[in-house]
Amino acid sequence: MKLSATLLLLVLASCRTGQDTPQPTPCMSDSECRADRICHEGRCRFLEEVRAELGAQTSIGGEANVDASVPPAPDAAVEAPVFAELPMFMGGPRHRGRTANAGPATEPRRAWTHRTRARVFASPVVGPDGTVYVGSLDKTFSAVAADGTLRWRYVAGDKIYASAALAADGTVYVGSLDHHLVALEPSGRVKWRLDLGDEIDASPTVGPDGTVYASAAGVYAVDPAGAIRWHVPTASHVRSSPALHPEGFVVVGTPEGTVVAVRTNGEVAWRAEAGASIDGAAAITDDGMIVVGTDRGHVVAFDASGAERWRFETGDDVRATPAVAPDGTLVVGSYDRHVYALSAAGQLRWRFETTGRLRASARIDPEGRIYVGSQDDGLYCLSPAGELLWRVEVGQDIDSTAAIGGDGTLYVGADDGGLHAFVAR
Amino acid sequence: MIRPLRRSLLLVLLLALACGDEEGPRVPIPVATTDEVPTPVDTGFEPRQGETFPQGVASVSVEGLPVPDAATTHALLVSDLDGDGDRDALLLRVDAARQVVGVSVAIREGGTFRVRAPSPLPLEGCVVEAASLTHPTRSSFVAEARTRCTAEGVDESRTLRWILSNEASPRVRLVTSTRGETTLRFAFEDLDDDGHEDVRGTVEAAGRETTLHWLDRPGGLALDRAEPAASVRAAMADARERGLVLARALCLGDDATLRLGPGRWGLDCPEELLGAARVAQTDALLRAGRLVEALAALDAGAVASAEALDAAARSGITQTRLPFPYRGEPSLDVTHLALGFLASEGAPELRVQGASIDRVGRDGRARPADAEPPVLRSGDEPPWTVVRTRGNGCGAEASLALFLGGTLGGAHEVTLARPDGCENEDARPWRVVGWAPQGLLAARLGERRVVPITTDGLPAGDPVVLDADAPWPAPARGGRVTPDGDTWILERPEGVLVFSGGRVELWRPEGWAQGPAPSAAAVSADGSEVAVLRGDAIWILSSAR
């Protein structure tokens, strides 16, 4: 008999070592929490407790670095302001890159590797039951159990570059270069396949109402039944994963260097020029700023109206998606081999040098640790101050953005075709 | 431009080859189109014909100097072959004592002739009726002798030709021997841009033309532009068999005949030679380890010997047989008989689905198992049933018919393949290998498809075409694939093809050839056993893994 997701999470939670006090139940939405608890920062917490905590943080003088975890109104058209990692690219529709779970603090060991036959470019996504979902350039999409065994495998007609996105009902959405956006049940059965007429190499994003936003020849909004709600064409193929802004619009970057904001009803709100091709996704900061990287080496920030706020120049292409720390620090890698940390105002705080280009995006755990892979074959863990905590040699280039499971296992793909799982020693 | 060897044809004519002074078996040569390329015009050079002596002459002199060993000369051409300013000679001669006919090269050195006689051909009781020597290009000579052969009660004519090159010193590049109403025309052209002439021959027989090429390299004749040295000699290793295959190219009608080799084993076209040629080609593919190509050739009408199939099969396959009289006839609306391995009660059993569903133990006893889900019906809700594959993509579309809900109405046709015009309408049948959460798994030799099926039991768009090395979706269920999708099988009259880990093996145990074609097959979960239903017996094949 299958364990329910909640029970499984409880089992996993009870297995965590080094903790003397019971931990709040992991969650992704308020509906998963019992009684009068709400889901705040990935854990079921009493509402009064959270309000007190938020009030204390605000009074210290900093900008509130978490969203108020007040359940959204049922008809809200914007993302519920809850900080909880969601199983999609960069931890949620705003692509801030924060994880709900802490990753290895010291150099980990490799627990297992799931092998595919070609590069794993996509970022793995961890489902609520601990299943890890990842696509490969060998055209397969795998659901791998937490112990490394294969649960099921879907085979597409062409390579899979993009990460998957899981909806609240467990539906798994993934796109492929075979032009299809496919919806799969957690069992691997096909709910529907939708031909978007162009290669899909950007990760889909699932909105709070279940709408799936995908990039191909423009931006698409697809309902959970597989019908296209709207389509905004662009001049060329879009490789940027849609980001959802809390003010109710979808943001993508284009190869022409344009940042396009589309309201959730399909109307274009504005376009802004970043000046060069945008390959990565936009990140939406806590204060609603939109940050992208460009092939001219720039990190560019726009406000919610599309006005450019600042621009920072690195030494080479910025193809990763910036990660946003709770204090507003932006962390992003560049092809110039450096990991950059920028302030919310675009000032350099620090930079860390690797020996390879950085295509992967960074992830930031609740302790502020930064996890990022490099094309020097290394997986790095940096402190919030940019100091090296550890590095492991994976063996080949890493373009995949890491994910961290509920038990702290870190998952990352690599050019050796492997989905690697690292655990604390 | 040399045209590439065409796999789909039974290629090429094997003709006699002599390089330099050596005799040897005939040369396999590529078949190209029937384009005829005229001999390039060499301004400043005038083609010449030599003298002919239909009755033959016993002695020959050039400028008063006798040519030794003249034997019986039927044609003479005088030319400065070695470029030293004096006049040398080419002679087409018959040596009655040795019963050979050939070209002699006589090089004048001062007051004598030094004579070489490369590449003689045996007369075998034939007589030369006509001969000629021509000098068509600056560096090429062609000698031709038409003979009449009456040995062993056979009255027929043969035409023998020698092509000689004179770029370094006279040497024979090519010798051909054809029989009957066969016309062979030669053109000389630098086909591989190496600065000297190569040979292109056009054979006309029974109203059809075939063009053949040889690249003349310093090391000898070559077939391929990319080869630095003579490849033809390497090909002679199994020249006879390849020659049989290649000779078919000239067996273009009842009147065309071809002599192979210097011996007396010339074969008549078409049937004896054609049959031998077909087997030789497929056997050659099997020996070369090109199993799938060989089986594809069989599907297209080729023939393979049982010995070659046995040799190509994996060794160490054991077999046991369970007598199983099949109960009833399979319904035409239900898919073909299906097998599946069960692992229950500690011993694997087989599940046979047709009009009834039975469980077959290792003891061969069959017991009804109507409560078991059929191999090719999903256990999901709503259930779906796979029914017949229709067509095979040759003359018509190949498709699967799916029935939703386990009923036999409302079929949904899913096209697997468009017509591809293959020769054999019955060839390349599709098999349902099994199914996975993603949908149905279908395969035929050389192709695989996944037919996505939605949770409503409906086809979800076009089938996904899998690359040769792509894994199946998983977990896989059904008779012909293991759950991890890594091993799967296709049963064939020649044996069972087992695909695993990127390799393909033919499982064909001893005694396989004596038995009916398989009607169903299944593989065990670990891929170590294959069950095949043949007639009224189930063969269990096991590998020594």
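**Figure 1. Where chain B meets chain A.** In this predicted model, the contact draws 20 residues from chain B and 20 residues from chain A. On the side of chain B that touches chain A, the elements giving two or more residues are strand E31 (447-452) and strand E32 (464-465) of chain B. Sorted by class, that side of chain B holds 13 nonpolar, six polar and one charged residues.

**Figure 2. An open sheet of four strands in chain A.** Here the strands run in the order E16-E17-E18-E19 (chain A), with antiparallel pairing. At the edges sit strand E16 (243-245) and strand E19 (268-273) of chain A, each of which pairs on one side only. From one strand to the next, the twist averages 25°. As a reminder, the strands of a sheet pair through backbone hydrogen bonds, in either a parallel or an antiparallel way.

**Figure 3. A closer look at E18 and E19 of chain A.** Strand E18 (residues 258-263) of chain A pairs with E19(A) over five bridges, in the antiparallel sense. Which residue of E19(A) is the bridge partner of Val259(A)? The partner is Ala272(A).

**Figure 4. The surroundings of Met289(A).** This residue belongs to the loop between strand E20 (283-284) and strand E21 (290-293) of chain A. Is Met289(A) buried or exposed? Met289(A) counts as buried because it has 22 C-beta neighbours inside 10 Å, and the cut-off for a buried residue is 20 or more. Setting aside neighbours within four places in sequence, Met289(A) is in contact with Ala301(A), Asp303(A) and Arg309(A). With Asp303(A), the C-alpha to C-alpha separation is 4.8 Å, although Met289(A) and Asp303(A) are 14 residues apart in sequence.

Figure 5. Not counting residues up to four places away in sequence, Ala443(B) touches Arg431(B), Val433(B), Arg448(B) and Leu490(B). Of these, take Val433(B): its C-alpha atom and that of Ala443(B) are separated by 6.5 Å, and the two residues are 10 apart along the chain.

**Figure 6. Chain A as a whole.** Buried residues account for 54% of its 425 residues. Taking the contacts in chain A between residues at least 6 apart in sequence, 47% join residues at least 24 apart.

**Figure 7. Confidence along chain B.** The mean pLDDT of chain B is 69, and 55% of the residues of chain B reach 70 or more. Which elements of chain B have the lowest and the highest mean pLDDT? The lowest belongs to strand E2 (residues 26-28) of chain B, at 30, and the highest to strand E34 (residues 495-500) of chain B, at 94. Residues 1-40 of chain B stay under 50 in pLDDT, and the model has 122 contacts beyond four places in sequence for them. Another stretch of chain B, residues 403-409, also has pLDDT below 50, with 18 contacts in the model beyond near neighbours in sequence.

Conventions
Residues numbered from 1 in each chain as written. Chains lettered and ligands numbered in written order. Predicted model: local features only at pLDDT ≥ 70, side-chain atom pairs only at ≥ 80, totals over all residues. Pairing = 2+ DSSP bridges. Axes fitted to C-alpha atoms, helices over the stretch in contact; angles between N-to-C directions. Contact = placed C-beta atoms within 7 Å. Buried ≥ 20, exposed ≤ 12 C-beta atoms within 10 Å, placed from the backbone. pLDDT = per-residue confidence, 0-100. Nonpolar A, V, L, I, M, F, W, Y, C, P; charged D, E, K, R; others polar.
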